[in-house]
Structure formats: structure tokens, C-alpha cells
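Could you walk me through this model in my viewer, one selection at a time? I would like to know what to pick next and what I will find there.

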Amino acid sequence: MKKLLFPLIMLMCFVLSGCGDESEPQEDVRLDKPDTTITATDSDSETARDYGDKKIVNGFWVNECSTGDDRWYRYIPMMSQKNPGIYDFEDSEMNKSMETCTAYNCPDGAGASGVRAGSTYIGFFSNPQLGYNTNSKDEKKDKLDLTKYTESFSLVYDDNKANLEKYDVGCITFALYKELYEDFPQIKMQLYGVPAELLDRKVGDISTCARGHYSSFRKECLDNDFSECLLITEKEITDTGIFYIDYSSLAKKYNCVQYFIVLRFSEEKDCAFYMNGISTYNIKDAEAYEKWKNDNIDSFIAE
């Protein structure tokens with residue numbers, strides 16, 4: 001079909017942790033950190049954000065689209081309260097740059113990494129069946145898979161040679177649209193590590209392996225429920241929030257060269273969530289970073 005109802009947003013990426021790697025690092029992106037006085041919008045912000053001809057129905061932005069003479073509608077869930085540093089479906093629909101969120105969430109003593117590959121994110125929302133589309137195919141509901149996953153890191157190809165991008169710290173933000181639903185499934189986030197031995201046995205030299213070879217390995221991990229991977233930690237995600245994973249620290253504890261972020265859901269209920277992992281950082285000032293990390297340790301996963 002020539003149009004999509006904004007179904008599952010999922011981009012899978014691959015990168016190696018930057019610790020202990022002797023290859024030349026990419027140049028980091030310098031971003032000015034926004035004024036820390038930025039505050040969340042209040043609960044009446046739907047009206048304040050009603051720019052142009054935006055129509056909001058039951059918490060969803062009814063966005064009119066066209067393909068030739070064909071008119072149809074995309075329903076975008078809206079956060080009743082916008083939180084600084086949280087990238088959500090509304091931001092994505094407006095093609096809003098993620099740099100503001102990346103800068104806002106930047107740890108002290110760190111700088112945004114200059115990764116070139118696509119971002120790591122998982123998103124889903126149930127079609128609210130608002131009835132604006134005359135074509136029933138445009139009103140269909142997508143099924144919530146009980147397990148969703150993505151890689152933490154990124155794999156890029158240059159002249160058919162794979163290059164592993166690397167960074168020290170990853171920021172994971174969650175936008176949960178719990179106010180749009182009477183009930184909401186429980187979400188468990190799990191972090192799995194891929195041991196170096198496993199990747200070498202299944203894929204071999206990553207710089208020369210075919211793209212399909214790694215894709216088959218990734219699918220095999222999913223099909224086996226990540227049983228050959230190392231479960232490092234798990235965390236219940238109960239609300240919108242900002243979390244960090246210190247891959248430089250994990251590299252000292254585990255011999256893993258890749259990580260999977262896995263979301264498991266308790267039930268196939270209607271829901272909407274947006275997990276964004278585009279913001280990644282390299283440590284520039286270890287002392288300043290460690291102090292910031294200790295002050296914000298509750299936001300770190302796997303510590």
C-alpha cells in the first residue's frame with residue numbers, strides 16, 4: 001500500500017563499544033547544552049501546541065495526508081505534558097532535530113559522539129480507530145509484539161567494508177502515553193551482551209562479513225530468545241524518563257562486543273510508547289563525568 005499509518009518504528013543498528021579499540025575515533029559533534037531552566041509544559045499544553053490547522057482528538061493528532069487525489073489521515077499520539085530531553089512521536093512527525101535532546105541529556109565531562117549510522121529506537125502505538133478514514137485498511141490496528149528489540153550500536157559500510165562505530169555512553173529515553181489508555185501493559189527492559197566468542201563463532205571477522213550474514217545472526221538471537229547472549233540487567237519501565245548505559249564501564253566487566261536492548265510486554269494491550277536511543281556520548285573529562293555519574297546514578301542501567 002502506498003501509505004502507512006505510522007506503524008511500528010524500529011531501526012536496528014550495530015556498533016562496538018569504544019573501550020580498548022585502537023582504531024581512529026570519529027570526530028565528536030560539539031553541541032551547546034541548553035539552558036537548564038527548561039521546564040516541562042503543563043497539562044493544558046495541547047492548546048498551546050495547536051499550531052496551524054492541527055486537530056487533536058482524544059489525545060491524538062489527526063494529521064491529514066494526501067497521495068495524489070487520495071486523502072487519508074494519520075493518527076499521532078500526543079504527550080499531554082512535554083518533557084525536556086524526551087523525543088516523542090510528535091517530534092518525529094514534525095521532523096524535529098534530535099540535537100536539542102542530545103545536548104540537554106549530555107553528561108558533564110562528555111561530548112556527543114559523531115556516529116554516522118542510524119539511530120537506535122523502538123516505537124509503537126495502537127491505532128485509535130477515530131473513524132476519519134473511509135478506507136478500512138487505513139483504520140486497521142497493528143498487533144503489539146510481546147518482544148521487541150534493537151541493537152545498542154551501529155554498523156556502517158564504506159566500499160563494502162563494515163566499520164564499527166563506537167561510543168562510551170548511551171542515553172535511552174522513554175515516552176509512555178499512559179494517559180491515552182484505560183490500561184497499559186507492563187514493560188520490562190532487558191540488556192543483553194553478545195560475548196566476543198559468540199560473535200566470532202557466528203559471524204567471523206565483522207569487517208569482511210556480508211550484511212546478510214549478520215542479519216541472520218541477529219534473527220537467530222531473537223529466535224533463540226537471546227539464550228546464547230549474556231543477560232546483564234533488566235529494569236521495569238513504568239513512566240516517561242531518561243536513562244543511561246555506561247558501555248565503557250560494561251567493557252571492563254564483560255567481554256561483550258555488542259548489546260541488544262529488549263523490551264518485553266506483559267500483554268498484547270493497546271498502548272503507545274517511543275523509546276529513543278539516538279543520543280550517544282564519548283567521555284572527555286573522566287573526573288567530571290564520574291562525579292556527574294555518581295550524582296545521577298539512579299538514572300543508570302546496569303550499575
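Which residues do ring pairs link into a cluster? Select Phe60, Tyr87, Phe89, Tyr121, Phe125, Tyr177 and Tyr274: ring pairs join them. Rings of Phe, Tyr and Trp (its six-membered ring) pair if their centres lie within 6.5 Å; planes under 30 degrees apart are stacked, over 60 edge-to-face, and the rest tilted.

Before going further, a word on the ground rules. This is a predicted model, in which local features need pLDDT of at least 70 and side-chain atom pairs count only at pLDDT 80 or more, while totals for chains, interfaces and linings use all residues. Residues are numbered from 1 along each chain as its sequence is written, and side-chain values use heavy atoms, with hydrogens and water left out.

**Aromatic pairs**

The structure holds 24 aromatic pairs. Zoom in on phenylalanine 89 and tyrosine 274: their ring centres are 5.0 Å apart and their planes meet at 85 degrees, so the pair is edge-to-face. Phenylalanine 89 belongs to helix α2 (residues 89–93) and tyrosine 274 to strand β15 (residues 272–276), 185 residues apart; helices (H or I, at least four residues) and strands (E, at least two) are DSSP runs, numbered from the N terminus. Phenylalanine 89 is buried at a relative accessible area of 0%, and tyrosine 274 is buried at 1%. Here buried means under 20% relative accessible area, exposed over 50%, and partly exposed in between (1.4 Å probe, protein chains only).

**Lysine 54**

Now pick lysine 54. Its charged end sits over the ring of tryptophan 61, 4.3 Å from the ring centre (the rule asks for NZ of Lys or CZ of Arg within 6 Å of the ring centre and within 35 degrees of the ring normal). Lysine 54 also forms a salt bridge with glutamate 90, with the closest N and O atoms 3.1 Å apart; such a bridge needs a side-chain nitrogen of Lys or Arg within 4 Å of a carboxyl oxygen of Asp or Glu. Both lysine 54 and glutamate 90 are buried.

**One more salt bridge**

Finish at glutamate 151 and arginine 218, whose side chains meet in a salt bridge (3.4 Å, N to O). Glutamate 151 is in strand β7 (residues 147–151) and arginine 218 in helix α5 (residues 211–223), so the pair ties together parts 67 residues apart in sequence. Glutamate 151 counts as buried at 0% relative accessibility, and arginine 218 counts as buried at 17%.
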